[in-house]
Amino acid sequence: MNNILLLEDLPEIRSWLKVLIKQVFPDAQIHEAARVHDALELVSAVKFQLALCDLGLPDGSGVDVVAALGKSQPECQSVVVTIHDDDDHLFPALQAGAFGYLLKEQARELIAEQLKRMSQGEPPLSPSIARRVIKHFASQTQPQERPQNMPHVALTDRENEVLLRVAKGFTLPEIGVQLNLSRHTIADYVKQIYRKLNVSSRAEAALEAQRLGLFRR
Amino acid sequence: MFNRLAFIAAAHAAAVLMWIAAMLPVAAHAADAPSVLVIDKALSVVTAPGIPASFTSTTLPVSLPDDWAETRPRFEGSVWYRAGFDRPPGTDAHDLMAVYIERACSNVEVYLNGQRIFSGGRMSEPVTRNCHYPQLVTLPGVLLQDQGNLIELQVQGHSLQRVASRQRAGGMSELKIGPQALLAPEHARRLFWNVTAVELASLVLAVLGCVMIGLGLMNRGETYLAHFGWLSLTWGLLSARLWWRDMPWDTGVMEFLFCSAFAPMVALTVLFLLSYADLRSRWIENALAAQWVLVPATLLLVGPGRLFFVASIWYPLFVLEVAAATVLHLVVTWRRKRQDFWPMAVLLVAIVGIVAYELVRQRGWADTLDLPLTQLAVPLLFVGIATRLLQVFARTLRAAEDGRETLEARVQQITAEIEQNFAQLAELRVEQVTEKERKRIAGDLHDDLGAKLLTIVHTSESERISTLAREALEEMRLSVRGLTGKPMRLADALADWRAETVLRLGQANIEADWRSPADETEQLLPARGFVQTTRILREAVSNIIKHSGASHCKVRCTISDRQFGLTVQDNGKGIPMELDGKLDRGHGMSSMKHRAKQMQGQCLVESGPGYGTVIRLTLPL
């Protein structure tokens, strides 16, 4: 880990998070920002491997930074660090390309553990988020209505299976046991689900924009 | 429907005409008893009124009936008639005898053997108008001799030229002398038809007219009602000339007034016919008004001596006007396919026919029927029209009433709908405002309180304070969720609880065994119910992790139509009893019970040292 973006407006929390990140990634260089504006400037200047973004900021939402990162630095892992645990707040961030989320009030050890797992490609997935993802893909526009240049994103049967089980309240390790899959395989499915959610959401947004006449081709 | 109505109306009119025909007095004299003496020849002499008659040089034999218009044209004044007679055969001195004079116009005085025995009224102007009154004069027994009786009659009359109708011209009918009992019925019959029936008709028309005028006043839109009302009233008043004997003014004045009154009556008739067909013409109205002035003007201009001449010019004109208006009315109603075309056609044609016949009579081209046909039949037809009008009016009124009721019902319905919509809108608005306010409060809580609590969580030196602040933050989040959340599918709630519980127990190395009904239920859980149950479950799991020392935890869910049950059982060391025999309050049991009670549910805790703990939560759905 070379460059890590830390976007957080509360100084105490920011310094606390900074300590935590240092603990998990001792070699990383941490770029701090307290506002969306500053963070976007950093995004255009520095190449990041990891970004921790708060959602509610004085000059906007961290979702914009997540989206900007997803567009300009696809290999960067964006993680939402927030006080909101409800999917109304989390889902847009995941659609924008966030790779997972951390709840700020959790104990330092827990956050450190989750952060480490995410950086190793094991993002968390809650039942309510899983339900939203299922709903999202179910409501996707029909392929025949989709313009040629729009990628058609669909989940595989296995990914669907994992999503359905998560939605029913099974934990990822339990699903691994049920489906006789390794922990890493399950994590890969979840990663794929997040990625596809992002791609599909971007396609949907583009389609929506086109429908509204924002694009001229 | 249309044909049936027309047929009924026609049948009705036919029946009326037949009834009139049946009631006509028998004109032939053949019905007279042989003992009645008919005097159809007399000597006549012209005198000035009041001067005793001397039947000398100017004596003229005449046959009765003597129509002055024929025998003495333009004569104006008094004529004496004299005839001699013997006691009719078959009668004796004990019989009450009488002389019956069917018509003596305008007035008559009767003398028997030189004695005046009867006077019909004033013999000088204004002369009593007895033209329509038949006279039955009893002959005093003391004056009546078996043979050589002399009856003298002084008739005061007017020339045809000075009166408005032929019936008012001077004249004398034949005389009938016989027993009073034999003559009385004929007199009564004629009196009824000539006078009483006309009086009745006048009364009926006047009343009818007033009613229609009243209706017309109340319904200004239906002008034909008022027109017909005034027409009826005028006709009724004009009919008075037949039975009103003692007028306040000279015959010349009265005849002028009566004749002039025909103009407004014709105007009203035309207006009625037009307005009933929904027609209106300024031009016709002006012409009628002009006529109203023109008729009296021409009458005045030519003077009383040519009243009949001028009137007989106007009358055909009047009849033509009425006939034209009738035709116009019928053509329009026929074109509009109006339901009452046929009844109205029958009635109107009958009226025009009768009036035309009256015109012919006035000209002297037809035998006088000895009956005021116009004065009787026309009122009857008027009553027919009025019935028709009232029927139409009543139907319109009923239709309007029905329409009004329908409208009222509709208005009520719409009002109710509007009220309901308004209530719904208001409710929606309240909901929206509430929702917005909740979101604002939630946002504030997160941004302010949440941030501060978070700072405490991560900066506090004391682990206890961090834990408390973390718990407070969790509480706050749940509260916000309860504040803003929508009802949740029970199956989704169970999934969320399962994921959290299994994860937490797993992290604490406690084996979790969660079983819930496999089949998906569509039942909903209110946001508050979800939040409170989450708290209870979270508290229970925290207790197990912190205090029980259990290695295994069983969670069972049951869902029925009205109830939802959750049982959490561990194999730990149980909750220690307090001195009073109750379970330790420090384990949050009371707050769990309190939360359950808030949702009208209950939370039972069973525990004993060494037996583990069972928490049974039941909530209504």
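This is a predicted model: local features need pLDDT of at least 70, side-chain atom pairs count only at pLDDT 80 or more; totals for chains, interfaces and linings use all residues.
1. Residues are numbered from 1 along each chain as its sequence is written, while chains are lettered from A and ligands numbered from 1 in the order in which they are written.

2. The model has an ipTM of 0.84 and a pTM of 0.52. Two residues are in contact if their C-beta atoms, placed from the backbone, lie within 7 Å.

3. At the interface, 20 residues of chain A are in contact with 22 residues of chain B. On the chain A side, helix H1 (11-24) and helix H6 (127-138) are the elements that give two or more residues. Helices (H or I, at least four residues) and strands (E, at least two) are DSSP runs, numbered from the N terminus. The class make-up of this side is six nonpolar, six polar and eight charged residues; nonpolar means Ala, Val, Leu, Ile, Met, Phe, Trp, Tyr, Cys and Pro, charged means Asp, Glu, Lys and Arg, and the others, Gly among them, are polar.

4. Chain B contains 14 helices and 20 strands. Of its 621 residues, 34% are buried. Buried is 20 or more other C-beta atoms within 10 Å of the residue's own, exposed is 12 or fewer, and partly exposed is in between, with C-beta atoms placed from the backbone. Among contacts in chain B with a separation of 6 or more, 74% link residues 24 or more positions apart.

5. Strand E8 (residues 107-112) of chain B has five of its six residues buried. E8(B) runs antiparallel to strand E11 (residues 149-157), with six bridges, and Leu112(B) stands opposite Ile151(B). Four bridges join E8(B) to strand E9 (residues 115-119), also antiparallel, and here Val110(B) faces Phe118(B). Pairing requires at least two DSSP bridges between two strands. E8(B) and E9(B) form a hairpin with two residues between them, and Asn113(B) in the turn has a positive phi of about 50 degrees.

6. Gln569(B) lies in strand E18 (residues 563-570) of chain B. Gln569(B) counts as partly exposed because it has 19 C-beta neighbours inside 10 Å. Leaving aside residues up to four places away in sequence, Gln569(B) touches Lys554(B), Gly612(B) and Val614(B).
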